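Please find below a short note on the model under review.

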Amino acid sequence: MKKIALLTLVTFASLYGAQATKSFECTKIFEDRKNELLVELERIDEQKQSLDSLKRATEDLLRKKEAMVQGKDQKVDQKLGEIKAKEASIKKMLDENKKVLDEIKQLKADKVSQTFAKMKPAASAQILSQMSASDASDIMSTLNSKVVGQILAKMDPKKGSEITEKLRKIPEPPK
């Protein structure tokens with residue numbers, strides 16, 4: 001009976017020792033894995049902090065760029081407003097200059113018309129015959145029809161017909 005008890009004790013001790021060894025090995029594996037996971041977690045945390053820092057730096061840079069762009073947009077808008085104001089001023093001056101030029105041309109045409117109106121038809125015809133048909137018709141368009149008829153009567157028929165054709169194409173001034 002002692003042998004059986006001893007045998008039972010040895011068997012029980014070996015089984016319990018094997019269980020304890022297996023339990024110790026599992027605990028060691030779990031501890032090793034836990035340490036690996038902790039190291040991995042620290043690495044991930046460092047990367048997350050680095051990523052957050054990079055994100056903040058990027059956002060700050062983006063805000064600075066947007067502020068700079070807005071400042072430049074305002075400057076561009078201001079310059080555009082100045083350009084439009086200058087453009088309007090130039091257009092107004094150009095219109096005024098055109099009016100003055102038209103007045104000068106009208107005064108010049110009136111003076112030329114008066115000169116030709118005071119001349120004898122034969123002298124006027126001789127001078128106008130030497131001009132181009134366009135220039136002669138422009139001058140004659142400012143004269144009254146009676147004077148034009150007298151001048152055309154004194155002209156060479158060929159030149160007179162050219163001028164008459166040009167006179168027909170000149171639009172009537174509004175009344």
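This is a predicted model: local features need pLDDT of at least 70, side-chain atom pairs count only at pLDDT 80 or more; totals for chains, interfaces and linings use all residues.

1. Residues are numbered from 1 along each chain as its sequence is written, and side-chain values use heavy atoms, with hydrogens and water left out.

2. The chain contains 5 helices and 0 strands (DSSP runs, H or I of at least four residues for helices and E of at least two for strands, numbered from the N terminus). Its pattern along the sequence is α-α-α-α-α.

3. Of the 175 residues, 10% are buried (under 20% relative accessible area, with exposed meaning over 50%; 1.4 Å probe, protein chains only). The accessible surface of the chain is about 15300 Å², and carbon and sulfur atoms account for 61% of that area (Shrake-Rupley method, 1.4 Å probe).

4. Contacts (heavy atoms within 4.5 Å) between residues at least 6 apart in sequence join residues at least 24 apart in 64% of cases.

5. Helix α5 spans residues 157–169; its 13 residues reach 19 Å from first to last C-alpha, close to the expected 18 Å (1.5 Å times one less than the number of residues).

6. Lys 159, Gly 160 and Ile 163 are the buried residues of α5. They line one face of the helix, because they fall within an arc of 100 degrees seen down its axis (taken from the directions from the helix axis to the C-beta atoms). These buried residues pack against α2 (121–130), α3 (133–140) and α4 (145–154).

7. On the face of α5 turned away from its buried side lie the exposed residues Pro 157, Lys 158, Arg 168 and Lys 169.
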